[in-house]
Amino acid sequence: MGQRRKALAAGLTVAALTLSACGSGGGGGGAAKVADKPTFEAGTTMARISAAGKIKVGTKFDQPGFGLKGLDGKLAGFDVEVAKIIAGAMGVKADSIEWVESPSKVREERIEKGEVDLVAATYTINDKRKQRITFAGPYYVAGQQLMVKSDNSKVTGPADLKANADQKVCSVTGSTPAEQIKPYLASDAQLVLFDVYDKCAAALRTGQVQVVTTDNVILLGFVSKSDKTFKLVGEQFTKEPYGIGVKKGDVKFCEFINKTLKDNTAAYTKAWADTAGKVEGAATATLPEAAPCS
């Protein structure tokens, strides 16, 4: 595209358990695994989920490369595979995961109400959200960027937006990118918000908006599926550390997730390579050090 695309990678962490094969992505080394009769401290979230043999996972259904629901009704993406790794460490098979659609604006609510056990949904860790939930991770670090139509020459980066107030910018309600783009706009009226990014991409295609902004790895997915209709412009202008959201104060579950992903780096690497890593411009993901759970 003539633009330098950075997909900053970062990482996850996972509990060391003896595992047997599970989930999509095939068998062999690096595939997601399911623990054989793991044991956990009584009263922990892990013990409850393991005993039930099932888990509820919140994710997005409209994110190419991370969580996308296909025409066959199946979910595919990096967040989906990461959740399978975590579930497998508790002895839960992929077909025993209940996937709950969790757009940006309802993620905290899903966790607080107990509608899900965890959320893996391109979920940027920030202080405001940490007031309501606990984050495991980060397991990946993305960066915000802009997507426009391929023939758009007015916008080459966020600095062009104030001078081009006619260029409507689309993002998603409740998302970090929607807040972080505001200082670059001529006015709040320049920002258009939907509940999911699919609607932003559709509005860009039909000319209702001229720019879509979110994390670069998500935008790369839309670009790859656009048949050269869309392109990324400018460099990334933020850092977005993705975390796994769990109930506020559930430190043991958070630490379990961190250890699990750390101990299963081969499965993590394969998950990336089979999903978001296939997209042109996506760098190889590596696991960063997890932050302390709180």
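The structure holds two disulfides. Keep in mind that what you are looking at is a predicted model. If the term is new to you, a disulfide is a covalent bond between the sulfur atoms of two cysteines.

Here are the two bonds side by side.

| Cysteine pair | S to S distance | Torsion about the S-S bond |
|---|---|---|
| Cysteine 170 and cysteine 200 | 2.1 Å | about -75° |
| Cysteine 254 and cysteine 293 | 2.0 Å | about -80° |

Let's take the bond between cysteine 170 and cysteine 200 to begin with. Its S-S torsion is about -75°, so this disulfide is left-handed. Which parts of the chain does the pair tie together? Cysteine 170 sits in strand 11 (residues 169-172) and cysteine 200 in helix 6 (residues 197-206), so the bond ties together parts that are 30 residues apart in sequence. Is cysteine 170 buried or exposed? With a relative accessible area of 0%, cysteine 170 is buried. Cysteine 200 is buried too, again with a relative accessible area of 0%.

Now for cysteine 254 and cysteine 293. The torsion about their S-S bond is about -80°, so this disulfide is left-handed as well. Cysteine 254 belongs to helix 8 (residues 251-263), while cysteine 293 lies in the segment after helix 9 (265-274), so this pair ties together parts that are 39 residues apart in sequence. Cysteine 254 counts as buried at 0% relative accessibility. And cysteine 293? A residue counts as buried under 20% relative accessible area, so cysteine 293, with a relative accessible area of 15%, is buried.

How are the bonded cysteines paired when you number them in sequence order? The pattern is 1-2, 3-4.

### The wider picture

Stepping back, the protein has nine helices and 15 strands. It is made of 294 residues, and 53% of them count as buried. The accessible surface comes to about 12500 Å², and carbon and sulfur atoms account for 50% of that.

Take the contacts between residues at least 6 apart in sequence: 74% of them join residues at least 24 apart. Alanine 35 and glycine 88 give you a pair to look up in the model: they are 53 residues apart in sequence, yet their C-alpha atoms are 5.8 Å apart in space. Alanine 35 is in strand 2 (residues 33-35), and it is buried, with a relative accessible area of 7%.

### Rings that meet

Next, the aromatic side chains. How many aromatic pairs are there? The count comes to 15. One of them is formed by tyrosine 139 and tyrosine 242, a tilted pair with 6.3 Å from centre to centre and 50° between the planes. This pair links distant parts of the chain, as tyrosine 139 is in strand 9 (residues 133-142) and tyrosine 242 is in strand 15 (residues 240-247), 103 residues apart. Both ends are tucked away: tyrosine 139 is buried at 0% relative accessibility, and tyrosine 242 is buried at 0% too.

Tyrosine 242 has another partner in tyrosine 140. Their ring centres are 5.8 Å apart and their planes stand at 40°, so this pair is tilted. Here too, distant parts of the chain are linked: tyrosine 140 is in strand 9 and tyrosine 242 in strand 15, 102 residues apart. Tyrosine 140 is buried, with a relative accessible area of 0%.

Strands of a sheet pair through backbone hydrogen bonds, either parallel or antiparallel. In this protein, an open sheet of three strands has the order 4-5-6, and its pairing is antiparallel. Which strands are at the edges? They are strand 4 (62-63) and strand 6 (75-76), each pairing on one side only. Strand 5 (residues 67-69) is joined to strand 6 by two bridges, and the two run antiparallel. To find one of the residues in this pairing, look for leucine 68: its bridge partner in strand 6 is alanine 76.

Technical notes. Residues numbered from 1 in each chain as written. Predicted model: local features only at pLDDT ≥ 70, side-chain atom pairs only at ≥ 80, totals over all residues. Heavy atoms only, no water. Helix = DSSP H or I, 4+ residues; strand = E, 2+ residues; numbered from the N terminus. Buried < 20%, exposed > 50% of the residue type's maximum accessible area, 1.4 Å probe, protein only. Phe/Tyr/Trp six-rings, centres within 6.5 Å; stacked < 30°, edge-to-face > 60°. Contact = heavy atoms within 4.5 Å. Areas by Shrake-Rupley, 256 points an atom, 1.4 Å probe, with all protein chains shown as cover. Disulfide = S-S within 2.5 Å. Pairing = 2+ DSSP bridges.
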